[in-house]
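Here's a quick tour of a protein model for you to follow along with. Keep the sequence and the 3D view open, and find each residue as it comes up.

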Amino acid sequence: MAILSDLGTEILVPACAIVGIVFSVVQWILVSRVKLSPERHSLSNSSKNGTAEYLIEEEEGLNDHSVVHKCAEIQNAISEGATSFLYTEYQYVGIFMVAFAILIFVFLGSVEGFSTKSQPCSYNKGEMCKPALANAIFSTISFLLGGLTSLLSGFLGMKIATYANARTTLEARKGVGKAFITAFRSGAVMGFLLAANGLLVLYIAINLFKIYYGDDWEGLFEAITGYGLGGSSIALFGRVGGGIYTKAADVGADLVGKVERGIPEDDPRNPAVIADNVGDNVGDIAGMGADLFGSYAESSCAALVVSSISSFGINHDMTAMFYPLIISSIGILVCLITTLFATDFFEIKAVKEIEPALKKQLIISTILMTAGIAFVSWIALPSSFTIFNFGSQKVVKNWQLFLCVGAGLWAGLIIGFVTEYYTSNTYSPVQDVADSCRTGAATNVIFGLALGYKSVIIPIFAIAVSIFVSFSFAAMYGIAVAALGMLSTIATGLAIDAYGPISDNAGGIAEMAGMSHRIRERTDALDAAGNTTAAIGKGFAIGSAALVSLALFGAFVSRAAISTVDVLTPKVFIGLLVGAMLPYWFSAMTMKSVGSAALKMVEEVRRQFNTIPGLMEGTAKPDYATCVKISTDASIKEMIPPGALVMLTPLIVGTLLGVETLAGVLAGSLVSGVQIAISASNTGGAWDNAKKYIEAGASEHAKTLGPKGSDPHKAAVIGDTIGDPLKDTSGPSLNILIKLMAVESLVFAPFFAAHGGLLFKIWN
């Protein structure tokens with residue numbers, strides 16, 4: 001037996017979730033102490049360094065009031081734009097959720113012809129399990145729960161980010177350390193809310209479902225998989241819709257503003273500038289939040305499904321059964337301690353300390369989490385148990401599971417650092433890309449693409465090693481908990497990730513409010529670090545997606561009662577080919593959507609520059625609202641086809657071609673999707689930071705390429721513009737494609753196993 005009692009588990013999991021929620025509320029209160037109304041500052045305030053806190057403005061004799069008012073005004077405009085976009089998006093998503101919920105109910109209910117009689121269990125034929133109709137009803141409920149939790153997570157994250165952006169700008173007047181803490185705290189609010197909410201809702205759902213299911217754990221955890229499906233399907237629309245929105249605005253603003261008119265980024269004369277800043281929030285925050293929540297929900301579901309048919313589930317050992325949830329609970333506590341290192345234990349005094357501080361977050365959380373996992377594996381698991389392995393039971397020791405989770409956790413760290421090496425402008429790869437801008441945009445594009453392809457090598461080896469280790473020790477369960485290991489520090493990962501768009505917005509607000517050059521330098525430094533951390537976050541999301549979808553794939557193969565997936569059978573091989581093609585089709589759709597939306601934006605921005613008198617001189621105000629509307633309409637319209645492609649493929653393939661071909665499609669899309677996703681997001685990140693490297697002009701080498709407006713800089717801007725849809729739309733959405741198809745196949749597996757493969761049945 002495990003050391004931790006069942007009662008202990010029932011207290012520990014919700015307690016950790018509540019601690020996470022309380023912590024995020026505390027962080028939010030600390031951020032809200034920065035006031036967005038003008039107040040007189042006396043110079044007698046002594047901060048903890050014993051030096052007087054004075055504002056740059058007072059030193060330069062500028063009026064404080066107008067700047068604070070302007071910041072508040074701009075923040076309001078960004079917040080309104082983001083909220084109205086999300087409301088519009090959620091109306092469409094709401095219709096989709098209802099329609100898809102009905103689909104789940106009809107498909108799964110029809111497995112046994114909607115009968116209410118108990119049926120033999122799928123794995124343990126001697127036992128009787130609840131009817132298929134119950135599975136249909138509860139899968140539908142958990143799908144809706146997952147979707148709602150995902151919507152809520154994205155929405156709250158966006159609200160917090162738009163609340164914190166102007167506050168970060170105002171704090172930048174006191175120094176870079178203050179601004180960093182404000183941005184990071186707001187990121188932490190989102191990270192902890194999301195991790196805790198995801199855990200709490202899942203925990204409550206399992207306990208409520210248990211009232212009906214009783215001892216039928218196999219049926220219970222099969223129904224819970226709908227939670228992951230709900231989370232990821234919302235993430236798909238959030239990621240694709242938000243990604244199209246943000247990049248249409250960004251590309252439109254850059255091409256007309258920087259390249260044609262030669263005005264700086266985030267200049268208030270640029271009509272697309274508000275839309276651009278709104279985009280950072282809806283794409284990078286709401287989209288990213290929903291995406292990582294989806295991964296988290298699915299890896300928990302995959303682990304629970306496999307363990308419900310292993311000795312944990314058969315012997316009704318609840319503590320061991322909840323092992324995946326206990327890992328996440330301890331993860332919240334570990335991230336809480338880690339966050340204090342950034343906000344309270346150490347203070348940032350200079351610009352060059354920002355990136356190391358964010359990297360330390362990753363290292364500290366990984367080291368502490370390793371100890372946490374060892375502890376959990378010791379108290380929550382029996383010393384020896386069996387894990388379901390494609391029809392047989394495999395004997396596993398508790399230290400082997402510890403190694404599985406650890407393998408995932410450390411693979412995540414490796415992927416994070418490799419991504420950082422390839423996308424941060426402190427290392428040679430990005431500097432080489434910047435250097436190639438001397439000879440124009442073409443060489444910049446060639447170097448950037450090569451960098452992206454090359455950056456795939458080490459992450460793939462890291463994923464491969466962790467898969468091999470986990471599978472050898474604990475079969476598919478090992479891979480599911482390895483994915484959970486990678487996501488166990490999700491609160492810190494998200495805090496680092498949300499920090500990026502918040503500081504990006506802060507820089508935009510500083511520029512639009514006409515703050516001094518020195519403040520803009522500080523916010524730029526925060527933003528450049530944020531760019532790299534965003535790339536690290538995407539690396540985590542892609543790595544975990546690969547592990548999650550493989551675990552879901554294993555659960556699907558077991559559930560659909562396929563004994564082996566043989567690549568040499570034509571059914572499977574055609575599936576592999578088609579599956580490997582899907583990420584390309586999907587990327588083509590998302591890239592083209594960004595292109596066509598950007599086209600409309602460019603035309604509108606040009607029209608305003610040409611027809612509004614006094615706009616370039618700064619005497620007239622541009623019409624920001626029209627640009628926001630163009631982005632909103634385009635992204636809502638364009639997110640539907642790629643979404644339909646991902647959601648319908650498993651249904652069509654499973655129904656017409658059967659489970660073996662579907663297994664091929666899942667394997668193919670996993671293998672090709674991971675590669676494209678990593679290379680796309682790293683290429684885009686490298687081009688963006690190469691441009692920032694030239695603009696900052698911090699080193700001798702960078703000075704020879706600059707200043708802004710020079711030929712190399714223009715070439716860098718073109719590279720950055722090409723990279724935008726790669727790193728913020730196609731790349732990040734692909735990891736959802738991989739996971740979503742796998743989790744959807746798992747949820748519909750009972751139907752496909754019973755009624756799938758119509759074409760082959762007719763053929764034969």
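Let's start with S593, which sits in helix α18, covering residues 570–611. Keep in mind that this is a predicted model.

- Is S593 buried or exposed? S593 counts as buried because its relative accessibility is 4%, and the cut-off for buried is under 20%.
- If you skip the neighbours within four places in sequence, S593 is in contact with I244 and E638.

**K247 in α6**

- K247 belongs to helix α6, which runs over residues 217–261.
- K247 has a charged side chain, and it counts as buried, with a relative accessibility of 3%.
- Which residues does K247 touch, not counting those up to four places away in sequence? They are G252, V594, D724, P725, K727, D728 and T729.
- A597 is 350 residues away from K247 in sequence, but the C-alpha to C-alpha distance between K247 and A597 is 8.6 Å.

**T523 in α17**

- You'll find T523 in helix α17, which spans residues 517–559.
- With a relative accessible area of 0%, T523 is buried.
- Leaving out residues up to four places away in sequence, T523 touches A172, S503, A506, G507 and A510.

**The nonpolar cores**

- Here's a general idea to hold on to: in soluble globular proteins, nonpolar side chains tend to be buried together.
- In this model, the largest nonpolar core has 223 residues, and the ones that touch the most other members are F180, Y323, I354 and F556.
- Which helix gives this core its largest share? That's α5 (residues 176–213), with 20 residues.
- There's also a second, separate core of 18 residues, and V433, C437, W687 and A690 are among them.

**The cavities**

- How many cavities of 30 Å³ or more does the structure hold? There are 10.
- The largest cavity has a volume of about 90 Å³, and its lining is made up of L292, M486, L487, T489, I490, G493, L494, G537 and F540.
- Two or more of those lining residues come from each of α15, α16 (490–512) and α17 (517–559), and α16 gives the most, with three residues.
- Sorted by type, the lining of the largest cavity has six nonpolar residues, three polar ones and no charged ones.
- The second largest cavity comes in at about 70 Å³. Its lining is A253, D254, G257, K258, I263, P264, E265, D266, D267, N270, V273 and D276.
- For this second cavity, α6 (217–261) and α7 (273–308) are the elements giving two or more lining residues, and the largest share, four residues, is from α6.
- The lining of the second largest cavity has four nonpolar, two polar and six charged residues.

**A closer look at α16**

- Helix α16 has 23 residues and reaches 33 Å from its first C-alpha to its last, close to the 33 Å expected at 1.5 Å a residue.
- Is α16 mostly covered or mostly open? It's mostly covered, with 20 of its 23 residues buried.
- Just after α16 comes G514, which takes a positive phi of about 70°.

- H316 isn't a glycine, but it has a positive phi of about 50°.
- Where does H316 lie? H316 is in the loop between α8 (311–314) and α9 (318–321), and it is partly exposed, with a relative accessible area of 30%.
- A475 is another residue other than glycine with a positive phi, near 50°.
- A475 is found in helix α15 (residues 457–487), and it is buried, with a relative accessible area of 1%.

Note on methods. Residues are numbered from 1 along each chain as its sequence is written. This is a predicted model: local features need pLDDT of at least 70, side-chain atom pairs count only at pLDDT 80 or more; totals for chains, interfaces and linings use all residues. Side-chain values use heavy atoms; hydrogens and water are left out. Buried means under 20% relative accessible area, exposed over 50%, partly exposed in between (1.4 Å probe, protein chains only). A nonpolar core is a set of buried Ala, Val, Leu, Ile, Met, Phe, Trp, Tyr and Cys residues joined through side-chain atoms within 4.5 Å. On a 1 Å grid over the protein atoms alone, a cavity is a set of points where a 1.4 Å probe fits but cannot get out, and a pocket is an open set with protein on both sides within 12 Å along at least five of seven lines; lining residues have an atom within 4 Å of a point. Grid points are joined across faces, edges and corners, and a volume is the space filled by probe spheres set on the points. The expected span of a helix is 1.5 Å times one less than its number of residues. Contact means heavy atoms within 4.5 Å.
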